[in-house]
Structures are given as C-alpha cells and as structure tokens.
Amino acid sequence: MTKNEYWLTNLRLEVGYYYENGAITGTKTEIFHVRIQDGKVLEIVSADKQLETQLPKWDANHYLMLPSFRDMHIHIDKTYFGGPWKAPTVPTKGLLTRLEEEAELLPRLLPVAEERAKKLIDLLLRAGSTHIRTHCNIDPYIGLKNLEATLRAKESYKNKASIEIVAFPQHGLLRSQSVSLIRDALQNGASLVGGVDPASIDENIEKSLQTVMELAVEANANIDLHIHDPGHLGIFTFKRLASLTEEAGWQGRVTISHALALADISHQEAVEVAELLAYNGISITSSVPIRRTIPIPLLQEKGVEISLGDDSITDHWSPFGKGDSLEKAGMLAERFGLSDERSLGQTLRFITGGIVPLNNEGERVWPKVGDNADFVIVDASCSAEAVARRARRVAVFFKGNVVSGSL
C-alpha cells in the first residue's frame with residue numbers, strides 16, 4: 001500500500017474506560033474510519049457514517065490501532081542474527097573478554113554487517129517498531145567501517161523506519177583513544193555521542209564525562225551513555241553527569257542507557273536520584289534485565305522519561321533477544337505487577353515515545369487529526385490485552401505506508 005491518500009475502514013480505537021463502583025473494569029472501544037493523506041492522519045469518522053468517496057479503501061476488519069513502537073537501544077552493526085547460529089563464549093575476564101573478542105570479530109563480520117543490519121531491521125519492523133536508535137561501534141579496530149555499513153542499511157530503509165545512530169566507543173572513549181574517531185563519526189552520519197562506563201572502562205569519570213559533553217556541544221548533538229557501573233560508583237557518575245548537563249544547558253538531550261546502579265540502592269536514594277535526573281531532563285533507556293531491573297515505575301512517577309530497548313540480539317554478548325518492543329513492555333508489566341486495565345494500557349508509553357491512546361483520565365488523546373500515520377494494527381481488543389498477551393502484529397505503517405504485514 002503506497003497510496004498518498006486513502007481510507008482505512010473499520011479500525012478499532014479506544015475511547016474510554018468502563019467503570020463499576022468507581023473502579024475501571026475494562027476499556028471501551030468503537031469502530032472508526034481513518035483517512036490518511038501524505039503520511040498524516042487527515043480525518044477520523046465513526047464507522048456508522050457512510051463513506052461517499054472515490055478514494056481507495058482498506059478494511060481493517062475491526063483490528064485495534066496502536067501507535068507504532070520504538071526500539072531505543074539496539075546494536076544493529078554487530079550481530080549473528082541472519083547468519084549461522086553461534087552462542088557466546090564463556091567470559092574468562094568478564095567485560096574485557098568481550099572487548100578482546102571484538103578486536104578480532106568485528107573486522108571478520110564486516111563483509112556481512114550491512115546484510116545482517118537489514119535483517120535485524122526487518123525483525124524490528126515485523127514486531128511493530130518504526131523508530132530505531134542503534135549504537136554503532138566506533139573504535140580503533142573497526143574505525144568508521146561499521147558506521148558506513150549501518151548508514152547504507154539506514155538509507156535502504158529510509159521509507160520504512162526512522163533510524164538514529166549513536167557513535168559508540170565500545171572500548172572506552174579515553175581507554176581506546178577514540179575521541180577523534182567519534183568526532184569524525186559525528187561529521188559523517190552519526191547523530192548522537194555515545195560512551196561507556198566512565199569509571200570502570202575509562203577509569204576517569206570526570207575527564208570522560210567532560211569529553212563527552214564537549215563533543216556533544218561541539219557537534220550540537222544529543223548524548224546516550226551506557227552506564228553499567230554498580231552501586232554508588234554508578235550513582236556518583238549520574239550526579240556528575242547531571243551537573244555537567246546543567247552547566248552546558250543540555251537538559252532534555254541526555255540519555256543514560258541501562259543505569260543499573262539504580263537497582264542497587266535504597267528506595268529513598270532512588271527517589272532522590274530520580275528527582276535529580278528529572279530536574280535535568282535526563283532520560284533512561286532500559287532493556288528490562290531480569291536480574292537487575294531498575295525501578296522504572298518509580299522513575300516514571302518522578303518525571304524521568306523512560307524508554308525500552310532490546311540491546312543485544314543474538315551476538316557475542318548474548319544469545320537471546322526477540323527484537324520485540326511489545327514483549328519488553330509485557331515483561332515490564334509482569335516484573336512490576338502492572339496487571340490492572342489502566343496500568344497495562346499505560347505501559348505502552350515506554351515503547352511509543354510517550355504516546356498512548358488514552359490518558360490516565362480515560363480520554364482519547366491518540367490518534368488525532370494531524371498526527372503522523374505511524375501505527376501498528378494488532379489482533380487485540382484493547383491496549384491492555386495487547387501488552388498482556390503480546391498481541392499479533394497484523395500490519396505496520398510508517399508515514400502512511402504498510403512496511404510489514406498486510407490487511
């Protein structure tokens with residue numbers, strides 16, 4: 001489907017909640033026709049209205065319409081996905097084992113990097129994700145070659161997904177002396193400054209964070225840092241990053257990926273750190289790890305913007321990963337007991353950039369006229385069921401065009 005203007009008929013949209021004795025007992029939906037023009041929602045009318053139009057019509061068969069998803073942390077440039085099965089080796093030196101492997105592995109994978117990146121994008125599209133933030137290795141072993149492969153994949157999918165690339169010094173910004181390479185990457189297609197563990201990898205929190213911020217300001221780029229460091233070492237790093245963010249006026253432009261230290265501290269300290277991050281507009285992206293899940297509902301309650309990502313998909317770091325953001329949202333709901341109708345539905349916000357069909361008061365806020373026509377059609381009665389049961393994705397739309405599935 002590539003028409004500039006058409007009607008999607010018989011779409012199920014959420015319009016409110018059912019209540020009994022003041023408690024929400026279900027989600028109310030109605031059937032609508034939605035007119036799409038040039039990648040935007042142009043008109044929404046009740047299905048009770050007879051359409052008198054010469055425009056093409058596509059019957060959605062009462063399936064549910066949801067905002068399309070976002071995978072905000074993945075590494076499409078280094079994956080075994082799409083190739084022969086291979087499990088990771090047992091690490092003998094922890095993280096350093098993986099870094100040593102990459103020095104040899106990435107050059108060997110380079111001939112298939114673009115092809116596998118495309119297969120990984122296809123996997124994400126099938127699951128409903130039309131926005132992808134990928135971290136791309138920039139280091140002395142691979143230079144900008146992985147970036148070049150990722151950019152070619154991005155160009156091939158420019159009409160199917162929006163893809164942003166983080167210049168990621170996996171081996172440490174300082175430790176691998178990659179500052180000039182990151183600068184080159186930002187001038188040649190990467191759009192965010194990355195980094196990893198200023199304490200345990202770079203072994204110089206202050207200089208590492210200062211350098212990241214200098215690169216960001218110089219390139220007018222946002223920041224996304226992997227910070228795995230535990231406990232108060234990680235928390236100290238967060239606090240220094242918050243200070244530098246305020247000093248540079250970079251509020252709303254900084255993301256901490258993983259932020260595992262938040263799983264290691266007391267509730268009261270987590271509240272204080274959450275308030276500091278929210279004040280400075282520092283967001284967090286989590287892969288919802290089973291063993292060290294950070295307190296995502298608490299962070300969200302305190303105003304921290306939270307997003308979810310898959311991280312590794314079948315690579316030398318991990319043999320796992322489905323590439324399914326809805327699966328991540330369901331895992332989050334299970335992990336924190338978000339099992340009532342409203343909580344389940346609201347969990348969608350973590351994989352849609354904050355867009356949900358109903359607000360907390362049960363008012364329909366999406367879709368509305370003028371919205372981008374980026375959405376996924378799912379086999380579910382409501383958002384809550386879609387999250388709880390990881391509903392089947394029937395069709396995925398980007399800029400008004402079907403990019404996966406069919407109606």
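This briefing describes the sheet, the nonpolar cores, the aromatic contacts and selected backbone features of one structure.

The structure is a predicted model, in which local features need pLDDT of at least 70 and side-chain atom pairs count only at pLDDT 80 or more, while totals for chains, interfaces and linings use all residues. Residues are numbered from 1 along each chain as its sequence is written, and side-chain values use heavy atoms, with hydrogens and water left out. An open sheet of eight strands with parallel pairing and a largest nonpolar core of 89 residues are described below, together with two aromatic pairs.

**Sheet and strands**

- Helices (H or I, at least four residues) and strands (E, at least two) are DSSP runs, numbered from the N terminus.
- At the edges stand β6 (69–74) and β13 (306–308), each of which pairs on one side only.
- From one strand to the next, the twist averages 25°; axes are lines fitted to C-alpha atoms, for helices over the stretch in contact, and angles run from 0 to 180 degrees between N-to-C directions.
- Strands β7 (residues 129–137) and β8 (residues 162–168) run parallel and are joined by seven bridges.
- Strand β8 is mostly covered, with six of its seven residues buried; buried means under 20% relative accessible area, exposed over 50%, and partly exposed in between (1.4 Å probe, protein chains only).
- Helix α5 (residues 231–248) lies across β10 (222–227), β11 (254–258) and β12 (282–286), and runs at about 165° to β11.

**Nonpolar cores**

- A nonpolar core is a set of buried Ala, Val, Leu, Ile, Met, Phe, Trp, Tyr and Cys residues joined through side-chain atoms within 4.5 Å.
- In the largest nonpolar core, of 89 residues, those with the most contacts inside it are V193, I223, F238, I256, L262 and I284.
- Another core lies apart from the largest one and has 18 residues, among them L8, F32, A395 and F397.
- Not counting residues up to four places away in sequence, I223 touches L192, V193, V212, M213, A216, W250, R253, V254 and T255; contact means heavy atoms within 4.5 Å.

**Aromatic rings and charges**

- A pair of aromatic rings is described by the distance of the centres and the angle of the planes.
- Rings of Phe, Tyr and Trp (its six-membered ring) pair if their centres lie within 6.5 Å; planes under 30 degrees apart count as stacked, over 60 as edge-to-face and the rest as tilted.
- The structure holds two aromatic pairs.
- Y17 and Y19 form an edge-to-face pair, because their ring centres are 6.4 Å apart and their planes stand at 85°.
- Y17 counts as buried at 10% relative accessibility, whereas Y19 is partly exposed, with a relative accessible area of 46%.
- The aromatic pair of F375 and F397 is stacked, at 4.5 Å centre to centre and with 25° between the planes.
- F375 belongs to strand β14 (residues 375–378) and F397 to strand β15 (residues 393–398), so this pair ties together parts that are 22 residues apart in sequence.
- F375 and F397 are both buried.
- A charge sits over a ring if NZ of Lys or CZ of Arg is within 6 Å of the ring centre and within 35 degrees of the ring normal.
- R335 lies over the face of F336, 4.9 Å from the ring centre, and the charged end of R364 sits over the ring of F32 at 5.6 Å from its centre.

**Residue L151**

- L151 lies in helix α2 (residues 145–156) and counts as partly exposed, at 24% relative accessibility.
- Leaving aside neighbours within four places in sequence, L151 is in contact with I165, N188 and G189.
- From C-alpha to C-alpha, L151 and H226 are 21 Å apart in space, and they are 75 residues apart in sequence.

**Backbone features**

- Most residues other than glycine have a negative phi, and most peptide bonds are trans.
- W366 and P367 are joined by a cis peptide bond, with omega about -5°; P367 is found in the loop between α9 (341–346) and β14.
- D38, in the loop between β2 (23–37) and β3 (40–46), has a positive phi near 50° and counts as exposed at 55% relative accessibility.
- R390, in the loop between α10 (383–389) and β15, has a positive phi of about 50° and counts as buried at 18% relative accessibility.

Methods
Two strands pair if DSSP finds at least two bridges between them.
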